[in-house]
Amino acid sequence: MTWQNCIRYMLMGKPYMKSRGGRMLWNNVDVRDTARAHRLCAESTVAKNGSRYILSASDRAGELFTWEMQARLKDLFPSIADVGGEETQDGKPAQKTYDSPRSYCLLAKQELGLDTYSIDETLKATGDSYFRLGLLPAS
């Protein structure tokens, strides 16, 4: 169950089931950013044998709790009546989620010049690809 597939299930109105109650902090990375970072490493005059770069959210905007992810998906896909995820009450989580340690791809941005996609671009492209592939019913 990749995070992209979890997004598909949420867009189908299903609960997020990989964590207790569907609650978690997502640290999202666009696969296009991962591919670009690999290319930049190969072309870099700064990166050396043994250099390591964390590919994670580029900033706080890319780290979303499940209930925040649901809200973003509802905004990006308004034709979907029910976006699944975790239980909410008035748009807020019904229960508190553990706020895990944070990690960003700052070194890859600084040393490699990685320019990342925004979380909205990533989520929109992910959902749109599922519609194009027929993995989500047309709304």
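# Why these labels? A predicted chain, term by term

The chain has 5 helices and 4 strands. This is a predicted model: local features need pLDDT of at least 70, side-chain atom pairs count only at pLDDT 80 or more, and totals for chains, interfaces and linings use all residues. Residues are numbered from 1 along each chain as its sequence is written, and side-chain values use heavy atoms, with hydrogens and water left out.

Me: Why is phenylalanine 77 called buried?
Reply: Buried means under 20% relative accessible area, exposed means over 50%, and partly exposed lies in between (1.4 Å probe, protein chains only). Phenylalanine 77 has 4%, so it is buried. Buried residues make up 40% of the 139 residues in the chain.

Me: What makes phenylalanine 77 and phenylalanine 131 a pair, and why is the pair called tilted?
Reply: Rings of Phe, Tyr and Trp (its six-membered ring) pair if their centres lie within 6.5 Å; planes under 30 degrees apart count as stacked, over 60 as edge-to-face and the rest as tilted. Here the centres are 6.1 Å apart, so the rings pair. The planes stand at 40°, so the pair is tilted. A search of the whole structure finds 1 aromatic pair.

Me: How do you know that the pair links distant parts of the chain?
Reply: Phenylalanine 77 is in the loop between α3 and β3 (88-89), and phenylalanine 131 is in helix α5. They are 54 residues apart.

Me: What does isoleucine 80 touch, and why is it called buried?
Reply: Isoleucine 80 lies in the loop between α3 and β3. Its relative accessibility is 13%, so it counts as buried. Contact means heavy atoms within 4.5 Å. Not counting residues up to four places away in sequence, isoleucine 80 touches Leu11 and Phe131. Isoleucine 80 and methionine 12 are 68 residues apart in sequence, yet 8.3 Å apart in space, C-alpha to C-alpha.

Me: How do you know that α1 passes α3 in a right-handed crossing?
Reply: A crossing is left-handed if the near helix is turned anticlockwise from the far one by less than a right angle, and right-handed if clockwise. α1 passes α3 in the right-handed way. The axes of α1 (residues 3-11) and α3 (residues 66-76) come within 11 Å and cross at roughly 65°. Axes are lines fitted to C-alpha atoms, for helices over the stretch in contact, and angles run from 0 to 180 degrees between N-to-C directions.

Me: Which residues meet where α1 contacts α3?
Reply: Ile7, Met10 and Leu11 in α1 meet Thr66, Met69, Gln70 and Leu73 in α3. They divide into 5 nonpolar, 2 polar and no charged. Ala, Val, Leu, Ile, Met, Phe, Trp, Tyr, Cys and Pro count as nonpolar, Asp, Glu, Lys and Arg as charged, and the others, Gly among them, as polar.

Me: What makes a set of residues a nonpolar core?
Reply: The set holds buried Ala, Val, Leu, Ile, Met, Phe, Trp, Tyr and Cys residues, joined through side-chain atoms within 4.5 Å. The largest such core has 18 residues; those with the most contacts inside it are Ile7, Met10, Leu11, Trp26, Met69, Leu73 and Leu123. α1, α3 and α5 (119-132) each supply at least two residues of this core. Its largest share, 5 residues, comes from α1. A second, separate core of 8 residues includes Leu40, Ala47, Tyr53 and Leu112.

Me: What covers the buried residues of α3?
Reply: The cover includes α1, β1 (25-27), β2 (63-65), β3, β4 and α5. The buried residues in α3 are Thr66, Trp67, Glu68, Met69, Gln70, Leu73 and Leu76.

Me: Why is aspartate 30 called buried?
Reply: Aspartate 30 has a relative accessible area of 6%, so it is buried. Aspartate 30 lies in the loop between β1 and α2 (31-43). Leaving out residues up to four places away in sequence, it touches Tyr117 and Thr122.
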